[in-house]
Amino acid sequence: MRIVVAEMSHETNTFSPVVTDLARFSGSGTVPPEGEAALKVFRGTATGLGGFIAVCEDAGAEIVLPIAAGAAPSGPVEDAAFEHIAGKIVAAIARGCDAVMLDLHGAMVTKTYDDGEGELLRRIRAVAPHVPIAVALDMHANLYPETVERADVIAGYQTYPHVDMDGTARRAGRALLAMLEGSAKPTMVWGNAPMLPHVMRQGTDDHPNKELQARAKQMEADGALAVSLFTGFPHADIAQAGLSVVVVTDGDRTLAEKWRDELLDQAWHHRAAFVYKPEPLDESVARAKTLGAPNGPSTATGPVILLDHYDNTASGGTMDTTEVLAEILRQGLDDVAVFGIFDPAAVRQMVAAGVGSTITVSLGGKLPMPSVPRQSKPLTVTGRVKLISDGRFPATVAMSRGLTMNMGTTAVLATGGVDIVVISRHIEPFDPGCFTSVGIDPTKRRYLMLKSRIHYRVGFKKLARAIVECAGVGVCTSDYSELTFKKVRRPIYPLDGVNSRF
Ligand SMILES: [Zn+2]
């Protein structure tokens, strides 16, 4: 049995100015890995590909892995990158196989196609109309009907932070193998609700997504092959952005439709709990300062975490906005570690100056963000170059465990009260290795500033004394009024008053 296993994964923020070319899909290398090299990178890892590889190897199948292409979220994918990656996958399938397992995201927009995954699947169906296809998707998928129609099995993450990427691929892969053996007849239905849940309110530790995902898991325990509630990705001005549900049962369409409708009703009922209200930045930072003060109100230990969530790179942020950092400096918080500011030019300056030297840099605020009204400004900072690193460290937390993380050339700038990690490659801080690999022990700091929304919880939440959400500037602004939606289907909640999900 020959199975084509491949990854083309990108969450596109259509408001992001960050370019998504082929190099961005290259992981810790310079090009996306292929064949044996890709198997070596992903075998045994806590990733979608890791899950598919395990399922195939357990079944004794021959794996053909044409390309493993995953990129951090950013602007629409360049056509050349899409053509290169899709071309490799389609060519491998056209050469002949018994099944296909795809690790996709489900919110990929290219310069040409609003539904990148749908276009990939259309091309696959053109060369292999009947080959069984399983697809693993991110919980932030924005689903189009064509994607569902062209696949046999779809499963999505049931956790955010995404600690079940490999488990999701295993669920999708096992259902497809059962179909191949003739022991199951996957029957898939889908539907959506006119709502854009806010990313800051999608965590699966929190109401209402905690209960929604628990119900989806219960339906699987009660016999469904896969049940997925996609909260969707709102920073995408495309028709099908928003919440959707896919249910796969073993041959029972009526039950699949009943469970789909139950989940959509439950999500719609709790739509107000998916709305986020930002707090003014100066108030958040002042509150954080008090919470972390030596004789402050908290008896808990560990750092106070300030989340710069308007500029989360894993929602497409430039990771170079400086407003939260500037407010931290203005209010004089001390013993702070910051991760991080993306600024390759500043890193080069610090490398040229050398470790131990004192330097003044114009930090961040360099990438124009034409899609949002408020722009960031570079921050002039003087400090000592504390450390320079190649920026690589092994992921050790449940998200991506086993993969090498790559921050690019990295330098730490120490200003006295604040240590700033300056990086050359975008990465969201979810693994403490982003600090420990550059000589910072995050557990020993009074404050951490993280450019993150929810994924920081994997590696940092248990360390924290308190979490303070800080509204800065960026293309993943948590204030929808800063975004201009032209293509998303209307009416949609909460952009419009909507009283019914139909
Ligand atoms: Zn996601």
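## Basis

The model is predicted: local features need pLDDT of at least 70, side-chain atom pairs count only at pLDDT 80 or more, and totals for chains, interfaces and linings use all residues. Residues are numbered from 1 along each chain as its sequence is written, and side-chain values use heavy atoms, without hydrogens or water.

Helices (H or I, at least four residues) and strands (E, at least two) are DSSP runs, numbered from the N terminus.

## Helix α1

Helix α1 spans residues 35-42, and its buried residues are A38, L39 and F42. Buried means under 20% relative accessible area, exposed over 50%, and partly exposed in between (1.4 Å probe, protein chains only). Seen down the axis of α1, the buried residues fall within an arc of 100°, so they line one face of the helix. The arc is taken from the directions from the helix axis to the C-beta atoms. An α-helix has 3.6 residues a turn, so residues three or four places apart point the same way.

The buried residues of α1 pack against β1 (2-9), α2 (48-58), β2 (62-64) and β3 (68-70). Contact here means heavy atoms within 4.5 Å. E36 and K40 are exposed, on the face turned away from the buried side. Just after α1, G44 takes a positive phi of about 80°.

## The eight-stranded sheet

Eight strands form an open sheet with mixed pairing. Their order is β12-β13-β16-β17-β11-β18-β10-β19. Two strands pair if DSSP finds at least two bridges between them. At the edges stand β12 (358-363) and β19 (466-470); each has a single partner strand, so one side of each is left without a neighbour in the sheet. Neighbouring strands are turned by 30° against each other on average, direction ignored. Within the sheet, β13 (residues 379-389) and β16 (residues 410-414) pair in the antiparallel sense over five bridges. R384 stands opposite A414 in β16.

Two helices lie across strands of this sheet. Helix α11 (residues 344-353) lies across β11 (336-342), β12, β13, β16 and β17 (418-423), running at about 170° to β12. Axes are lines fitted to C-alpha atoms, for helices over the stretch in contact; angles run from 0 to 180 degrees between N-to-C directions.

## Lysine 487

K487 sits in the segment after β19. K487 is partly exposed, with a relative accessible area of 46%. Leaving aside neighbours within four places in sequence, K487 is in contact with D114, D237, I238 and A239.

The side chains of K487 and D114 make a polar contact (2.9 Å). Such a contact is a pair of N or O atoms within 3.5 Å; within protein, one must be able to donate a hydrogen and the other to accept it, and residues adjacent in sequence count only if both atoms are side-chain atoms.

## Aromatic pairs

Rings of Phe, Tyr and Trp (its six-membered ring) pair if their centres lie within 6.5 Å; planes under 30 degrees apart count as stacked, over 60 as edge-to-face and the rest as tilted. The count comes to six aromatic pairs. The rings of W268 and Y493 have centres 6.3 Å apart and planes at 70°, so the pair is edge-to-face. W268 lies in helix α8 (residues 253-269) and Y493 in the segment after β19, 225 residues apart. Both are buried.

F435 and F460 have ring centres 5.9 Å apart and planes at 90°, so this pair is edge-to-face. F435 belongs to helix α12 (residues 433-436) and F460 to helix α13 (residues 457-460). F435 and F460 are buried. Ring pairs also link F15, Y480 and F485 into a cluster.
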